[in-house]
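Good morning, colleagues. Please look at the model on the screen while I take you through a few of its features.

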Amino acid sequence: MLELKLAMYVDFPSHMKPGVLVTCADDIELYSVGDCQYIAFDQPGFTALAHPSSLAVGTTHGVFVLHSASSLQHGDLEYRQCHRFLHKPTIENMHQFNAVQRQGSFAQQDFPGGDTACLPLHTEYVYTDSLFYMDHKSAKKLLDFYKSVDQLNCEIDAYGDFLQALGPGATAEYTRNTSHVTKEDSQLLDMRQKIFHLLKGTPLNVVVLNNSRFYHIGTTQEYLLHFTSDSTLRSELGLQSIAFSVSPSVPESSNETACIIHSILDSGCCVAPGSVVEYSRLGPEVSIGENCIVSSSVLANTAVPAYSFVCSLSVRTNGLLEYSTMVFSVQDNLKGSVKTLEDIKALQFFGVCFLSCLDIWNLKATEKLFSGSKRNLSLWTARIFPVCPSLSESVTASLGMLSAVRSHSPFSLSNFKLMSIQEMLVYKDVQDMLAYREQIFLEINSNKKQSDLEKS
């Protein structure tokens, strides 16, 4: 993703004053402007890119409330001023704050695919965010503020907490809204209000890209859609179904294919259409069902059921290197939480009541079962994933607990050291994970050189 972003933004620096560009690792912006046009980041304050989107898409992104345009004609590229920024607003709020545009001129444009839509005349739409830039003065102001804070113990969102403070119409009301916060903290409200007052009055310039596409690949469903079934993004970027891998040919159905990335697959394994395998080793007798994501894992003689997400991490606690593998359904709601232990029956793991799963795994529903805040209990914070001395053992153990749930047969986890997904990310050993990927890289490279020699 970093290399792709650098390629997409290669023209930006020559039209950019000193500052900081902020972009996400789970989105891809494609756009077209006139031959003599370019995107400039040279205004004081913040500058953000904006894309025409449906109101439904706007509810999961940032939405700009723009000052009225001086012209009724929409060009591919427009420079506008933002009155205020709405973070994941409801459709009602979009209307209330005049974010909804009703005069469109996108009917003649053809730039298919993505989260944004080319919208017919008079269709309601909004302008949604992607990347943003802050000039040196604004970045320095934030850095000096950070240095003045004794210790930052709460989560500050670069989009929600920075952009909502900008523009003449910004109010401090958002600082009390925690509906999109992953972790509430007593310091959060005070810190948000300080940032609001720090940035209040800073202009938010918007570069409107009317002929653009914004692809979001940050959820399991979107990842599978864009890499296996919807060919639009793949054709626009020239993405390959098998990328830098040792793999037998992958099966294709009429509307989807399997996607293999940086992996080594034995000739005796099978990956169903609609699934993605990345940074993994699949041995003989391995079968991957449809619509799965298998990442950074080592599998042998096993079947992964359809709609599974399997991802292994190296973790280091008290100096000890171990491994843990998260498994869940690509349709599970990891963010869905309940407030009390009595309510955890509302959670579901692979479509099965979570309380029933705990019985199968011989685990008790206590506060110790969950990491982090005891006011937000979720699959994300549930300590249910075995920690093992080797990568392959962790995959086997986690697939065992999944198989037990699907067959409603006992599989005791009580003798395992267990981690939540939240803890895995805290204790992950990135260096070991990079070393694992480097080892796969070298093997693939060696294999390709050998193949080339044999062909010549």
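Where is the place of Leu152? Leu152 is in the loop between helix H4 (136-148) and helix H5 (160-163); helices here are DSSP runs (H or I) of at least four residues, strands are E runs of at least two, and both are numbered from the N terminus.

A word on the source: this is a predicted model, in which local features need pLDDT of at least 70, side-chain atom pairs count only at pLDDT 80 or more, and totals for chains, interfaces and linings use all residues. Residues are numbered from 1 along each chain as its sequence is written, and side-chain values use heavy atoms, with hydrogens and water left out.

Leu152 has 35% relative accessibility, so it counts as partly exposed; buried means under 20% relative accessible area, exposed over 50%, and partly exposed in between, with a 1.4 Å probe and protein chains only.

Let us turn to a sheet. Three strands form an open sheet in the order S11-S14-S17, with parallel pairing; two strands pair if DSSP finds at least two bridges between them. Strand S11 (264-265) and strand S17 (298-299) are the edge strands, each pairing on one side only. Strand S14 (residues 281-282) pairs with S17 in the parallel sense over two bridges, and Leu282 stands opposite Leu299 in S17.

Finally, the whole chain. The chain has 12 helices and 26 strands. Its C-alpha trace spans about 65 × 60 × 40 Å along the principal axes. Of the 456 residues in the chain, 49% are buried.
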